[in-house]
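Here are my notes on this one, point by point. Have the viewer open while you read.

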Amino acid sequence: MPVVDPQTGACCGVLSRTDLDSVQSLGGYTVEDVMSSPPRTCKQRATVASVAGMMLKHKIHRIPVVNDRDVPIGIVTRTDIFEPLLAKSQDLLVNQETRR
């Protein structure tokens, strides 16, 4: 989940399940205490390949998409990227099998 600066709206961190799992008890902690910062983000014009590479390299499942002011405008998930690739590869396999 993107965390935004209340004054600028810019993405200043990300709160993940891993971040929450790293603390024994949530009592007494703020989001700022447990969030990952600086956040790994991508611009809306980033290539799918570069975002997929970032996800694999850093072992993350979701990346906030930010505009030129670093304000979150969306989120890209591994499912968003890899499901269409899987479907395409399955179509290729079916096409290859029908040619035989």
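1. First, the cysteines. A disulfide here is a pair of cysteine sulfur atoms within 2.5 Å. By that rule the count is zero disulfides. Cys11 takes part in no disulfide, and its nearest cysteine sulfur, in Cys12, is 6.6 Å away.

2. Cys11 comes out at 11% and so counts as buried, while Cys12, at 26%, counts as partly exposed.

3. Now the packing. A nonpolar core means a set of buried Ala, Val, Leu, Ile, Met, Phe, Trp, Tyr and Cys residues joined through side-chain atoms within 4.5 Å. The largest one has eight residues: Cys42, Val51, Ala52, Met55, Ile63, Val65, Val76 and Ile81. Helix H3 (48-58) and strand S4 (62-66) each supply at least two of its residues, and H3 gives the most, with three. Helices (H or I, at least four residues) and strands (E, at least two) are DSSP runs, numbered from the N terminus.

4. Another core, of five residues, lies apart from it; Val3, Leu15, Val23 and Met35 are among them.

5. Leaving aside neighbours within four places in sequence, Val76 is in contact (heavy atoms within 4.5 Å) with Val51, Met55, His61, Arg62, Ile63, Val65 and Ile81.

6. Some housekeeping. This is a predicted model: local features need pLDDT of at least 70 and side-chain atom pairs count only at pLDDT 80 or more, while totals for chains, interfaces and linings use all residues. Residues are numbered from 1 along each chain as its sequence is written, and side-chain values use heavy atoms, with hydrogens and water left out.

Note on methods. Buried means under 20% relative accessible area, exposed over 50%, partly exposed in between (1.4 Å probe, protein chains only).
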